[in-house]
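Subject: Structure handover and notes

Dear colleague,

I am passing on the structure below, together with notes on what came out of going through it. Please read the notes with the model open beside them.

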Amino acid sequence: QSAGVNNAAMVSTTAPAELVKSLLSSQRLPCDIACYNAPDQTIIAGQISDLDQLSEALQAAGFVSRTIRVPMPYHSRLMQPAQAPLEKALRTIPLRTPSIRYISCGSLLPLEEPDDIRASLVAELAEPVRWQDLMETLIASDTGLVIESGPRQILTRLNRKIIGDRQVTHIASDARPGNAVEQLARVRLLLEMTRQTMDESTRPTTADSSPAAATHAGDRTPT
């Protein structure tokens with residue numbers, strides 16, 4: 001509501017980000033890439049009329065595009081009016097220093113201070129999610145286990161596209177059917193089994209291989 005945005009939306013496409021950038025530039029469309037999700041998934045935010053024009057160009061180039069059912073064009077310039085109200089609201093919410101590394105999905109930087117985390121959340125409202133780069137950063141630091149706490153295993157599917165056949169174990173907490181207690185028990189069991197497997201392996205570790213947490217504000221994006 002604070003953004004005051006009307007007739008705006010978000011579109012998901014199988015086109016790579018560089019092609020999307022090229023089309024936005026050549027057609028002079030004031031849209032923003034909102035999420036760099038995976039090699040075959042790019043999310044764009046903007047006015048509906050501009051997104052319709054972009055979708056036609058993408059389909060003409062042989063790529064699938066579809067509108068995402070979200071209430072606002074998140075991670076775009078259109079959300080800038082909502083940043084100040086969000087910053088004000090976040091000041092009322094107590095935050096503690098994370099017990100494990102917290103990495104911004106926008107800047108890709110580890111954040112420790114609560115004020116830095118608040119500032120990052122405000123910035124990410126109008127800046128793109130760089131999920132693919134974030135996962136590559138984690139893998140480069142020797143991450144061997146990725147646990148998703150979001151709904152419908154959306155991020156797990158994205159992660160598998162990004163990581164490919166590299167030796168990384170994926171655990172999704174939202175394993176359906178099953179209630180929340182069953183899902184939590186499943187995650188704990190898989191985590192313990194994975195730890196035992198990693199302890200028995202000779203996989204090298206680095207100073208950056210400690211646990212890390214990252215959030216994707218748009219984890220309801222359909223894949």
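Helices (DSSP runs of H or I, at least four residues) and strands (runs of E, at least two residues) are numbered from the N terminus. This is a predicted model, in which local features need pLDDT of at least 70 and side-chain atom pairs count only at pLDDT 80 or more, whereas totals for chains, interfaces and linings use all residues. Residues are numbered from 1 along each chain as its sequence is written, and side-chain values use heavy atoms, with hydrogens and water left out.

**Overall picture**

The protein chain has seven helices and nine strands. Of its 223 residues, 42% are buried, where buried means under 20% relative accessible area, exposed means over 50%, and partly exposed covers the range in between (1.4 Å probe, protein chains only). Taking contact to mean heavy atoms within 4.5 Å, residues 24 or more positions apart account for 72% of the contacts in the chain with a separation of 6 or more.

**Strand 1**

All six of the six residues of strand 1 (residues 8-13) are buried, so this strand is largely enclosed by the rest of the structure. In a regular strand the side chains alternate between the two faces of the sheet. Here both faces are covered, with Ala-8, Met-10 and Ser-12 buried on one side and Ala-9, Val-11 and Thr-13 buried on the other. Two strands are taken to pair if DSSP finds at least two bridges between them. Strand 1 pairs with strand 3 (residues 41-47) in the antiparallel sense over six bridges, and in that pairing Thr-13 stands opposite Thr-42. With strand 4, strand 1 pairs in the antiparallel sense over four bridges, and Ser-12 stands opposite Arg-66 there.

**Salt bridges**

Side chains of opposite charge can pair when their charged atoms come close. With a salt bridge defined as a side-chain nitrogen of Lys or Arg within 4 Å of a carboxyl oxygen of Asp or Glu, a search of the whole structure finds six.

One of them joins Arg-77 and Asp-32, whose closest N and O atoms are 2.6 Å apart. Because Arg-77 lies in the loop between strand 4 (65-68) and helix 3 (83-90) and Asp-32 in strand 2 (residues 32-38), the pair ties together parts that are 45 residues apart in sequence. Arg-77 is partly exposed, at a relative accessible area of 39%, whereas Asp-32 is buried, at 17%.

Another salt bridge is formed by Glu-136 and Arg-166, with 3.0 Å between the closest N and O atoms. This pair also links distant parts of the chain, since Glu-136 is in helix 5 (residues 131-140) and Arg-166 is in the loop between helix 6 (154-163) and strand 8 (169-172), 30 residues apart. Glu-136 is partly exposed at 29% relative accessibility, and Arg-166 is partly exposed at 34%.

The side chains of Glu-87 and Arg-91 meet in a further salt bridge, at 3.8 Å from N to O; Glu-87 counts as partly exposed at 39% relative accessibility, while Arg-91 counts as exposed at 58%.

**Helix 5**

The buried residues of helix 5 are Trp-131, Leu-134, Met-135, Leu-138 and Ile-139. Seen down the helix axis, they fall within an arc of 135°, so they line one face of the helix; the arc is that of the directions from the helix axis to the C-beta atoms. Just after helix 5, Asp-142 takes a positive phi of about 75°.

**Two single residues**

Pro-30 is found in the loop between helix 1 (17-26) and strand 2, and it counts as partly exposed at 43% relative accessibility. Leaving aside neighbours within four places in sequence, Pro-30 is in contact with Asp-50 and Arg-77. The C-alpha atoms of Pro-30 and Gln-47 are 8.2 Å apart in space, the two residues being 17 apart in sequence.

Glu-124 has its place in helix 4 (residues 114-124).

With best regards
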